[in-house]
Amino acid sequence: MLIIPKGGGSFQGSHVAKIVVGSWWIFCVVLTATYTGNLVAFLAVTKDALPFQGVEGMIKQDVYTWGVVGGASWVTMFQLSSLPVFKAVYEGMVRFNRTDPDVLSLDQKVHIDKVLRGNYVHIGDRSQIQVKTANECSLFTGSAEIQPVQYSFGLPNGSPLTDLFSQKIMAMHENGLISFWKRRRWPKRDFCPGILQAYTKVISLADIQSAFYLLGVGFVLAFVSIMFEVTLYVVKV
């Protein structure tokens, strides 16, 4: 059976039939439009993908090496962590450092250059990496978060300014002032060919669930209407 939305003439019948047919027509229109959008998105999405998104996939491959800025908190975190994944990351850095000391270089630019040369992963603070790679179309960041990094003002223990700083920073967050400053001053990534295709969202079944809800509401209304008509018929008889 084809579910192609097509207009028709006047429909002669009860209110129940009109509600059912109307709901089915709307469902067909929504489903057909969604399928068309899904097809376009599928054809537009690039087939290229990152080799991995997080450290779990990184430690399972043997093509890429990885490193961090030497002396940073990342080294201590991986070294002292009890998580097997983080332990494997640290053991890999120690192994790579024997033949390539740059994996623990103190200069982040060295790490960025190694990434540009290929087969290397730099682990670091997302904010700093975004600033460094704002004008590099060939560099991408993985979607997985390794460790949330928070910034704060360092004050002496028991300082009377602690509460004042906390209140003012919270107020700036709530008023959107920090977000405004970031949008205004943060380096913006230049337009790169292929970026739009790479981030085109493919429509899933969850995105069209409203069409099924609409169809269900139509059938419920039809059921209520038919019960009402049956009741009126019984009363008249």
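Colleague: Which helix has the lowest mean pLDDT among the elements of the chain, and which the highest?

Modeller: This is a predicted model, and helix H9 (residues 195-198) comes lowest with a mean pLDDT of 45, while helix H4 (residues 84-97) comes highest with 92. Over residues 195-200 the pLDDT is below 50, though beyond near neighbours in sequence this stretch still has 9 contacts in the model.

Colleague: OK, now the fold. How many helices and strands does the chain have?

Modeller: You'll find 10 helices and 2 strands, and along the sequence they run α-α-β-α-α-α-β-α-α-α-α-α. For contacts with a separation of 6 or more, 64% join residues 24 or more positions apart.

Colleague: Let's zoom in on one residue. Is Gln 108 buried or exposed?

Modeller: Buried means under 20% relative accessible area. Gln 108 has 11%, so this residue counts as buried. Of the 237 residues in the chain, 22% fall in that class.

Colleague: Where does Gln 108 sit, and what is it in contact with?

Modeller: Gln 108 is in helix H5, which covers residues 108-117. Setting aside neighbours within four places in sequence, Gln 108 is in contact with Val 69, His 122, Gln 128, Ile 129 and Lys 132.

Notes
Residues numbered from 1 in each chain as written. Predicted model: local features only at pLDDT ≥ 70, side-chain atom pairs only at ≥ 80, totals over all residues. Heavy atoms only, no water. Helix = DSSP H or I, 4+ residues; strand = E, 2+ residues; numbered from the N terminus. Buried < 20%, exposed > 50% of the residue type's maximum accessible area, 1.4 Å probe, protein only. Contact = heavy atoms within 4.5 Å. pLDDT = per-residue confidence, 0-100.
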